[in-house]
Amino acid sequence: MLTTTAAFRHESIPAARQATASLAASTGEFSLTATEDLSTLSADNLRAYDVVMFALTSGELPLSAGQKTALLDFVTSGHGFIGVHSATDTLYEWSDYGRLVGAYLRDHPWTQQGTVVVEDPSHPAAAGIGDRFSLVEDFYTLQENPRGRVQVLLRLDAASVGSTGDYPLAWAQSFGAGRAYYNALGHFSETWGDTRFQRQLAGAIRWTGSR
Ligand SMILES: [Zn+2]
């Protein structure tokens with residue numbers, strides 16, 4: 001779990017790390033290394049892991065060409081990648097990362113209560129949370145709609161924020177022999193403490209860590 005920032009830094013980062021560590025303990029299904037040390041992203045070190053999560057990262061993280069290749073090879077060879085919230089506000093200048101995370105942030109016009117529609121409750125990363133739920137979040141719009149390239153799991157009910165249009169909020173995709181997942185929620189510490197969000201994360205870790 002990488003929470004390194006090179007631009008905006010969310011106040012929820014400590015809550016994110018704590019919630020994910022608690023999930024590891026309560027599910028007993030995975031162990032967690034949380035770090036901000038980018039040097040840990042190397043081919044050698046990644047051999048010990050099943051999934052890499054970019055949580056609340058931001059900006060142009062200073063990764064070397066070798067590190068970029070190591071991350072792409074890690075996923076395409078059959079491992080997992082998870083991006084959370086501002087993971088789409090990260091590494092705009094590396095287009096392969098854009099494919100991996102699925103899209104880039106355009107704007108965040110709605111920091112308020114909104115309703116989220118669960119599009120596929122049969123997916124492990126969207127199961128057990130009902131078919132819609134409401135929460136206060138920093139809802140993103142994206143530079144390009146990834147629908148069609150990815151399997152959308154959640155979308156914003158645009159009417160709930162007084163708008164129209166299609167705004168995917170979470171998705172899953174195959175990436176080579178590996179799996180990638182993204183969830184746009186996670187701005188507030190409260191979201192990380194929300195069992196509906198935690199259930200999605202646990203499912204995403206399970207799903208991306210399988211092959
Ligand atoms: Zn945010």
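Me: Is His-10 buried or exposed?
Reply: First, a word on the source: this is a predicted model, so local features need pLDDT of at least 70, side-chain atom pairs count only at pLDDT 80 or more, and totals for chains, interfaces and linings use all residues. Residues are numbered from 1 along each chain as its sequence is written, and side-chain values use heavy atoms, with hydrogens and water left out. On the scale used here, buried means under 20% relative accessible area, exposed over 50%, and partly exposed in between (1.4 Å probe, protein chains only). His-10 comes out at 5% relative accessibility, so the call is buried.

Me: Which residues give the protein donors of the zinc ion?
Reply: Donors here are N, O and S atoms within 2.8 Å of the metal (3.2 Å for Na, K and Ca), and water is not among the atoms, so sites may look incomplete. The protein donor atoms for the zinc ion lie 2.0 to 2.4 Å from it. They come from His-10 (NE2), His-85 (NE2), Asp-138 (OD) and His-187 (ND1).

Me: What is the geometry of the zinc ion's site?
Reply: Four donors pass as tetrahedral if all angles lie between 85 and 135 degrees; four pass as square planar and six as octahedral if opposite donors are over 155 degrees apart and all others between 65 and 115; anything else is irregular. For reference, the ideal angle for four tetrahedral donors is 109.5 degrees. Among the 4 donor atoms of the zinc ion the angles run from 91 to 162°, and the site is classed as irregular.

Me: Which side chains make polar contacts with the side chain of His-10?
Reply: His-10 is in the segment before helix 1 (13-27). A polar contact is a pair of N or O atoms within 3.5 Å; within protein, one must be able to donate a hydrogen and the other to accept it, and residues adjacent in sequence count only if both atoms are side-chain atoms. Another, at 3.0 Å, is with His-187.

Me: Which residues have the most contacts inside the largest nonpolar core?
Reply: A nonpolar core is a set of buried Ala, Val, Leu, Ile, Met, Phe, Trp, Tyr and Cys residues joined through side-chain atoms within 4.5 Å. In soluble globular proteins, nonpolar side chains tend to be buried together. The largest one here has 71 residues, and those with the most contacts inside it are Phe-54, Tyr-97, Leu-154 and Trp-192.

Me: Where is Thr-57, and which residues does it touch?
Reply: Thr-57 is in the loop between strand 1 (51-55) and helix 3 (65-76), and at 0% relative accessibility it is buried. Contact means heavy atoms within 4.5 Å. Leaving out residues up to four places away in sequence, Thr-57 touches Leu-2, Thr-3, Thr-4, Thr-5, Ser-86, Ala-87, Thr-90 and Tyr-97.

Me: Which residue meets Glu-36 in a salt bridge?
Reply: A salt bridge is a side-chain nitrogen of Lys or Arg within 4 Å of a carboxyl oxygen of Asp or Glu, and the structure holds 10 of them. For Glu-36, the N to O distance is 3.0 Å and the partner is Arg-9. The pair links distant parts of the chain, 27 residues apart: Glu-36 from the loop between helix 1 and helix 2 (43-46), and, from the segment before helix 1, Arg-9.

Me: What separates Arg-99 and Asp-96 in helix 4?
Reply: These two form a salt bridge, with the closest N and O atoms of Arg-99 and Asp-96 3.4 Å apart. Arg-99 is partly exposed at 46% relative accessibility, and Asp-96 is partly exposed at 27%. Because Arg-99 and Asp-96 are 3 residues apart in helix 4, what separates them is about one helical turn.

Conventions. Helix = DSSP H or I, 4+ residues; strand = E, 2+ residues; numbered from the N terminus.
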